[in-house]
Amino acid sequence: MITGAVSVCSIADQTSHLYHARFPELSAFNLYGNSSFLLCKSGVKVADFGNHLLLLQGQGKRNPRAVYGIPPEREDAQRQSSPRFSDEQLFVCPENDGHPEEPREGRAASRMQSSADLQQIVEKQGNQVTILEKLKAVHLHILAMEQWNASRLKMCHRNYSASAINVLHYLALKSLDTAQIKEELSSIGLMNLETINTHVLSSLSGCIEMLINSRSDSLSIKVSSEGLPVYQSLGNQNVDLGMTAMVKRASSNRDLLLGKLQTQKMSHIMVTIGQEAAENDTLITDLINSGTTIFRINCAHGNPETWNKIISTLKRCSQLLEKPCQILMDLAGPKLRTGRLKDGPCVVKISPKRNALGGIIRGAQVWLSPQGAGLPPSHLSPDVILQVEGQEFLSKLNVHDSVKFTDARGKRRSLRILSKYPVFSGVGLMAECSKTAYVESDTGLYIKEKGRKSSVGFVVSVPPTEQFVRLRVGDLLVISRDSTDEHDTSPCSAVGTHKITCPSGYLFDSVKPGDPIAFDDGKIWGVIKGTSISEVVVTITHAGPKGTKLGSEKSINIPHSDIRYEGLTSKDLMDLDFVAAHADMVGVSFIRDVHDIVVLYQELSKRKFSKLGIVLKIETQGGFEKLPLLILEAMKSPNPLGVMIARGDLAVECGWEKLADIQEEIMSICSAAHLPVILATQVLESLVKTGVPTRAEITDAANGRRASCVMLNKGIHIVKAVSTLNTILNSQYANAKPELKPLILSSQVC
């Protein structure tokens with residue numbers, strides 16, 4: 001966006017006096033008697049973050065105000081005696097960011113020097129500016145950033161004072177082009193500026209002291225052994241910014257939000273669960289034993305009755321296992337989704353595996369269990385799961401028995417029992433079916449004994465078939481505003497036109513022809529061809545070779561539109577009361593600006609929910625660009641705080657190619673803020689759905705070690721996925737494995 005040079009050491013007598021007062025042992029070096037220059041970063045992220053905190057004045061902008069906060073009573077006189085800097089050379093703050101500064105004792109002040117003086121200094125010093133002087137310039141720069149935002153810092157809760165200060169120090173450091181300093185520090189074996197996010201000031205102070213000590217003998221100057229101070233005064237507080245204190249603060253914030261980890265574990269594992277877990281003790285028990293420490297419930301699906309059943313099951317299993325678990329409930333937020341399609345028939349298809357010629361390779365694997373028994377053991381992979389009412393019937397079945405039934409078409413079929421297993425509420429059986437069958441609820445199962453039917457059981461709770469439209473490139477999709485209209489879901493009409501609904505009016509009020517639109521986290525893309533007050537017509541431009549399914553309640557994203565959502569919907573406000581009463585954390589979806597945070601904390605304050613953990617879900621371009629502001633606003637409240645990187649919507653909104661850099665930047669900012677990070681979306685997705693991971697998924701999961709928590713979405717192989725993820729995240733902290741021996745040089749010379 002804006003490039004240029006930042007003068008971080010053009011310091012007047014007032015600043016030298018201030019620095020002497022704070023660090024008297026450094027004054028003998030004529031600390032900032034002359035100017036040295038550091039380049040500001042070109043382009044990308046800093047200017048985006050700084051549009052409220054700090055700005056670089058670009059071409060065509062209004063006259064700026066210097067970052068080093070000239071006191072108001074002296075500002076006019078100072079300006080009159082100072083030359084005008086070029087737009088690319090002045091580091092500035094906005095004239096009105098909503099937090100006007102008050103005069104403050106000890107404020108860093110600077111005096112502009114004439115262009116001629118600056119030119120002489122540059123010519124005189126040239127490349128002779130030492131690494132110590134550059135670090136001192138950086139040091140003062142981050143302190144100036146802190147002073148400029150003093151009123152914002154005063155508003156932060158005392159629990160987050162140190163973290164808020166460190167965030168500002170981090171932003172100030174990131175605003176500078178420190179490539180040369182990094183190289184020089186590396187060449188003499190000192191710190192890496194990329195790794196000091198958690199404790200910026202103390203690291204810089206320590207490095208400066210080390211450099212001073214290294215030359216103190218030759219200069220015959222005594223330097224205090226206590227080093228540079230790492231305590232800052234903020235109002236009536238004395239804030240410890242030391243490295244040890246900062247690291248402890250980050251660990252404490254993680255434990256407050258996510259709960260304490262067991263010994264030798266370094267990361268939490270979160271699993272999304274739904275209605276399937278409402279009365280499924282076996283599934284929850286297996287997940288907890290495999291390493292799950294947090295369960296997530298999405299309030300976009302289900303209702304308070306269902307959520308209450310899920311939470312009761314979670315708490316019961318957690319208490320029995322004596323393994324505490326946390327509960328996160330995500331508010332639905334103003335997300336655009338496809339409407340509900342008409343439910344299909346309650347029938348499940350059983351299909352044996354066939355070869356290319358139609359011959360049967362093996363029969364379909366069918367799991368039979370009592371209602372509520374949950375998923376089969378993790379080492380089994382059935383094709384179909386049937387719940388059976390009739391415990392006596394199941395208990396009498398033995399291996400090799402043949403179970404008879406008549407399917408929905410009137411065809412007679414049979415299931416051969418292969419194996420028998422104990423389950424939570426009785427027994428479960430693995431059976432095989434060698435012919436295609438369609439099974440619906442109330443289908444009777446029986447065995448023959450002495451030529452007559454005996455021990456009848458009934459299939460129950462067969463879910464309705466998921467309905468969808470299959471979209472291909474070139475198809476037309478009509479999105480209707482009327483959410484009560486349940487459309488026919490036939491694959492396509494004669495002209496390749498499909499219809500779905502969207503209950504949110506935001507879509508119809510904000511889009512225009514030519515806007516790109518994405519469905520189901522970017523699996524389907526299209527371009528808007530026409531709009532009206534009640535319909536939007538889309539031409540599909542990207543889908544799978546054989547078409548891609550689009551079902552109910554799938555995400556809709558319009559990356560380039562200027563849709564203005566409300567922060568919390570009326571549904572969110574109703575759900576918030578339930579969440580606060582039953583969950584440990586609430587996930588706030590689609591946060592875009594500070595106003596969303598203000599509204600959220602107003603609602604929490606009304607309800608006196610000061611202990612409810614808050615997870616800010618970053619899933620939009622606006623949320624990413626304003627993340628530092630969102631964090632500082634949230635730090636005004638004592639609630640435990642964290643950030644979730646919701647990579648599904650974030651990738652669609654910001655662009656696939658930018659996702660890795662965005663993820664890295666979010667982690668760095670949260671590290672500076674001492675906030676726990678939850679990494680979410682498509683972690684080990686192939687393993688969860690198919691039982692086999694991809695190689696890229698394994699390395700992606702390993703990168704999750706940098707996060708405080710990694711989230712998995714639900715799937716048939718979720719227990720296996722949790723176990724694998726637990727091994728990946730914590731293997732480096734376990735005892736060294738025999739197969740991971742240190743490399744040694746061969747004794748043979750090639």
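Asp 343 and Arg 340 join their side chains in a salt bridge, at 3.2 Å from N to O. Arg 340 is partly exposed, because its relative accessibility is 45%. The model is a predicted one. Its salt bridges number 24.

**Salt bridge between two helices**
- Asp 281 and Arg 316 form a salt bridge through their side chains, with N and O 2.9 Å apart.
- Asp 281 belongs to helix α11 (residues 281-290) and Arg 316 to helix α12 (residues 304-321), so the bridge ties together parts 35 residues apart in sequence.
- Asp 281 is buried, because its relative accessible area is 7%, and the cut-off for buried is under 20%.
- Arg 316 is partly exposed, with a relative accessibility of 36%.

- Lys 571 pairs with Asp 575 in a salt bridge, and their closest N and O atoms are 2.6 Å apart.
- Helix α15 (residues 570-582) holds both Lys 571 and Asp 575.
- Lys 571 and Asp 575 are four residues apart, about one turn of the helix.
- Lys 571 is partly exposed at 30% relative accessibility, whereas Asp 575 is buried at 8%.

**Salt-bridge network**
- Salt bridges link Asp 577, Glu 603, Lys 606 and Arg 607 into a network.

**Contact of α7 with α20**
- Two packed helices are described by the angle between their axes and the distance between the axes.
- Helix α7 (residues 161-174) and helix α20 (residues 659-672) have axes that come within 8 Å and cross at roughly 135 degrees.
- That angle makes α7 oblique to α20, because over 145 degrees would be needed for roughly antiparallel.
- On the α7 side, the contact is made by Ser 163, Asn 166, Val 167, Tyr 170 and Lys 174.
- On the α20 side, Glu 665, Ser 668, Ile 669 and Ala 672 take part.
- Sorted by class, the contact of α7 with α20 has four nonpolar, three polar and two charged residues.

**Thr 724**
- Thr 724 sits in helix α23 (residues 718-730).
- Thr 724 and Pro 693 are 31 residues apart in sequence, and their C-alpha atoms are 9.7 Å apart in space.

Key. Residues numbered from 1 in each chain as written. Predicted model: local features only at pLDDT ≥ 70, side-chain atom pairs only at ≥ 80, totals over all residues. Heavy atoms only, no water. Salt bridge = Lys/Arg side-chain N within 4 Å of Asp/Glu carboxyl O. Buried < 20%, exposed > 50% of the residue type's maximum accessible area, 1.4 Å probe, protein only. Axes fitted to C-alpha atoms, helices over the stretch in contact; angles between N-to-C directions. Parallel < 35°, antiparallel > 145°, perpendicular 65-115°, else oblique. Contact = heavy atoms within 4.5 Å. Nonpolar A, V, L, I, M, F, W, Y, C, P; charged D, E, K, R; others polar.
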